[in-house]
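Dear colleague,

Please find below the structure that I am handing over to you, together with its sequence. My notes on what was found in it follow.

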Amino acid sequence: MLHDASTSSWPKVKALAQAGAVALLPVGSTEAHGPHLPLGVDVVIALEVCRRVAPLLPRDAVLFPPVTYSLTDFAAPFSGTVSLPADTARAQIQGVLEGIARGGFTHLAVVNHHLEPAHFRLVHEAAKAAAAATKARVVVPDHRRAPTGPKLGPEFMHGGSHAGQYETSLMLAAAPGLVDQAAMRALPALEVDLPGALKAGAKDFLQAGGPDAYFGAPAEASSAEGERLFSILVEATAASILEGL
Ligand SMILES: [Zn+2]
């Protein structure tokens, strides 16, 4: 069963921690996601994965309020994006994890859906450091890796996972009211090899050839595809958490 930490009292959370509940920390960013999606896409997706994964766990789960700011250099040229320096972002996530562990939780999972490589790297680093400092187990399910990544489709693997068909479909499944569907349908597909462009020296989405902060094919998104993607993400996240229990 899923319990919400932010609406629970401390004695209730203490009892859950002592009973071995798993603490879930959703991690996203505040960054531009095309003209058809809100800035909080990564947070919405991370929260939804946590909600859907909880019933698959053999223990109670406690959902902590999400981390909503981090390093997001690629989207920095776009209004509303808030990028923290890497050291600040790493320290914030490490500090939150250590705070959760000091409250008695021995099993923590960081559910991250902001995919900028430098950010995902610092999430792994923060989790490692927090685990070492507290002796808690901190797992970081990483859906970019095989076998999960390839199952999420060619667009995901080629970098169109930023506000393209992949993320837009997830949003249509999780929070359709937050998708501007008229704007979505009007967007031409933008086939850019994002990892390739970044390797070639592009510093942000503009330089990589994404003037509207989206890549891939948002117009091809659907809620059915979003449901399919969520089931893959949730299964992989549950497997990773179960391994760590
Ligand atoms: Zn995103």
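Helices (H or I, at least four residues) and strands (E, at least two) are DSSP runs, numbered from the N terminus. This is a predicted model, in which local features need pLDDT of at least 70 and side-chain atom pairs count only at pLDDT 80 or more, while totals for chains, interfaces and linings use all residues. Residues are numbered from 1 along each chain as its sequence is written, and side-chain values use heavy atoms, with hydrogens and water left out.

Gly 34 lies in the loop that runs between strand S2 (22-27) and H2. With a relative accessible area of 15%, Gly 34 is buried (buried means under 20% relative accessible area, exposed over 50% and partly exposed in between, using a 1.4 Å probe and protein chains only). Apart from neighbours within four places in sequence, Gly 34 is in contact with Ala 163, Asp 212, Ala 213 and Tyr 214, where contact means heavy atoms within 4.5 Å. The C-alpha atoms of Gly 34 and Phe 215 are 8.2 Å apart, although 181 residues separate the two along the chain.

Ala 163, in the loop between H6 and H7, has a phi near 60°, a positive value in a residue other than glycine. Its relative accessible area is 0%, so Ala 163 is buried. Ala 213, in the loop between helix H9 (194-199) and H10, likewise has a positive phi, near 65°. Ala 213 is buried at a relative accessible area of 1%.

**The zinc site**

Which protein residues are the donors of the zinc ion? They are His 33 (NE2), Asp 42 (OD) and Glu 167 (OE), lying 1.9 to 2.1 Å from the ion. Donors are N, O and S atoms within 2.8 Å of the metal (3.2 Å for Na, K and Ca); water is not among the atoms, so sites may look incomplete. Along the chain the donors follow the spacing H-x8-D-x124-E. His 33 and Asp 42 are both buried, and Glu 167 is among the buried residues of H7.

**Helix packing**

Eight of the 10 residues of helix H7 (residues 165-174) are buried, so H7 is largely enclosed by the rest of the structure. Those buried residues pack against H2, helix H6 (154-157), helix H8 (181-186) and H10.

The axes of H7 and H10 come within 7 Å and cross at roughly 95°; axes are lines fitted to C-alpha atoms, for helices over the stretch in contact, and angles run from 0 to 180 degrees between N-to-C directions. H7 and H10 are therefore roughly perpendicular to each other (angles under 35 degrees count as roughly parallel, over 145 as roughly antiparallel, 65 to 115 as roughly perpendicular and the rest as oblique).

Helix H2 (residues 41-53) also packs with helix H10 (residues 223-244), at an angle of about 65° and with the axes 9 Å apart. This pair is therefore roughly perpendicular. From H2 the contact involves Ile 45, Glu 48, Val 49, Arg 52 and Val 53, and from H10 the residues include Phe 230, Leu 233 and Ile 241.

**A cis peptide bond**

Finally, the peptide bond from Ala 146 to Pro 147 is cis, with omega near 5°. Pro 147 is found in the loop between strand S5 (137-139) and helix H5 (148-151).

With kind regards
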